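Here are my notes on this one, point by point. Have the model open while you read.

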Amino acid sequence: PPRQIAVDREMVSDAMNNVGELMRQVRVRPYFEDGQPAGLSLTGVQPDSVFRKFGIRSGDVLQAVEGEPIRSVEDVVNLYQKISAMDDVTLQIKRRGQVQDLRFQIR
């Protein structure tokens with residue numbers, strides 16, 4: 001079963017409105033499997049960052065949001081508008097070789 005994480009909507013909005021600050025909280029690189037794009041590798045997650053509050057850890061690979069595959073930062077940006085109006089969002093991550101879902105309840 002997916003891990004449930006409650007998230008404050010205002011925190012999400014504040015974070016997305018300051019993308020420059022957001023990008024200082026984590027390093028994002030393309031992740032490849034068998035030479036094909038397979039997500040975004042997230043490293044250098046800062047301890048007090050919004051990413052940490054979302055349950056993201058250094059070394060996690062973001063593979064999908066709401067079942068939509070993530071291949072580039074542009075994919076995340078394009079999905080943001082769709083998910084910003086939602087109350088529940090599921091991220092698929094790969095952590096230490098294991099795929100898992102993180103389900104966010106946005107209040």
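1. A word on burial before anything else: I call a residue buried under 20% relative accessible area, exposed over 50%, and partly exposed in between (1.4 Å probe, protein chains only). By that scale Glu33 is partly exposed, at 28% relative accessibility. Keep in mind that this is a predicted model, where local features need pLDDT of at least 70, side-chain atom pairs count only at pLDDT 80 or more, and totals for chains, interfaces and linings use all residues. Residues are numbered from 1 along each chain as its sequence is written, and side-chain values use heavy atoms, with hydrogens and water left out.

2. Now the salt bridges, meaning a side-chain nitrogen of Lys or Arg within 4 Å of a carboxyl oxygen of Asp or Glu. Searching the whole structure turns up four of them. Glu33 takes part in one, pairing with Lys94 at 2.3 Å, N to O. Lys94 sits in strand S6 and Glu33 in strand S2 (residues 27–33), so this pair ties together parts that are 61 residues apart in sequence. Helices (H or I, at least four residues) and strands (E, at least two) are DSSP runs here, numbered from the N terminus. While Glu33 is partly exposed, Lys94 is buried, with a relative accessible area of 18%.

3. Asp60 and Arg95 make another salt bridge, with the closest N and O atoms 2.6 Å apart. Asp60 belongs to strand S4 and Arg95 to strand S6, so here the link is between parts 35 residues apart in sequence. Both Asp60 and Arg95 are buried.

4. For a local pair, look at Arg24 and Glu21, whose closest N and O atoms are 3.3 Å apart in a salt bridge. Both residues are in helix H2 (residues 19–24), three residues apart, or about one turn of the helix. Arg24 is exposed at 58% relative accessible area, and Glu21 is partly exposed at 33%.

5. Next, a charge patch: Arg3, Arg52, Arg57 and Arg96 gather on the surface as a patch of positive charge. Patches are made of residues with over 30% relative accessible area and no salt bridge, with like charges joined within 9 Å and nonpolar side chains (Val, Leu, Ile, Met, Phe, Trp, Tyr) within 5 Å. Arg57 is in the loop between helix H3 (50–53) and strand S4 (60–65), and it counts as partly exposed because its relative accessibility is 38%. Arg96 is in the loop between strand S6 (88–95) and strand S7 (98–106), and at 77% relative accessibility it counts as exposed. Arg96 and Val77 are 19 residues apart in sequence, yet their C-alpha atoms are 25 Å apart in space.

6. What does Gly55 touch, leaving aside neighbours within four places in sequence? Its contacts (heavy atoms within 4.5 Å) are Arg3, Ile5, Asp60, Arg95 and Leu102.

7. Ser41, in strand S3 (residues 36–43), counts as buried at 17% relative accessibility. Beyond residues up to four places away in sequence, Ser41 touches Arg27, Val28, Arg29, Tyr31, Asp60 and Val61. Gln63 lies in strand S4 and is buried at 11% relative accessibility.

8. Last, some backbone angles to check. Asp34 is not a glycine, but has a positive phi of about 55 degrees. Asp34 is in the loop between S2 and S3, and it is exposed, with a relative accessible area of 80%. Glu66 likewise has a positive phi of about 55 degrees without being a glycine. Glu66 is found in the loop between S4 and strand S5 (68–69), and is partly exposed at 29% relative accessible area.

Conventions:
Areas by Shrake-Rupley, 256 points an atom, 1.4 Å probe, with all protein chains shown as cover. Lys, Arg positive; Asp, Glu negative; His and termini not counted. Charge placed at Lys NZ, Arg CZ, Asp CG, Glu CD.
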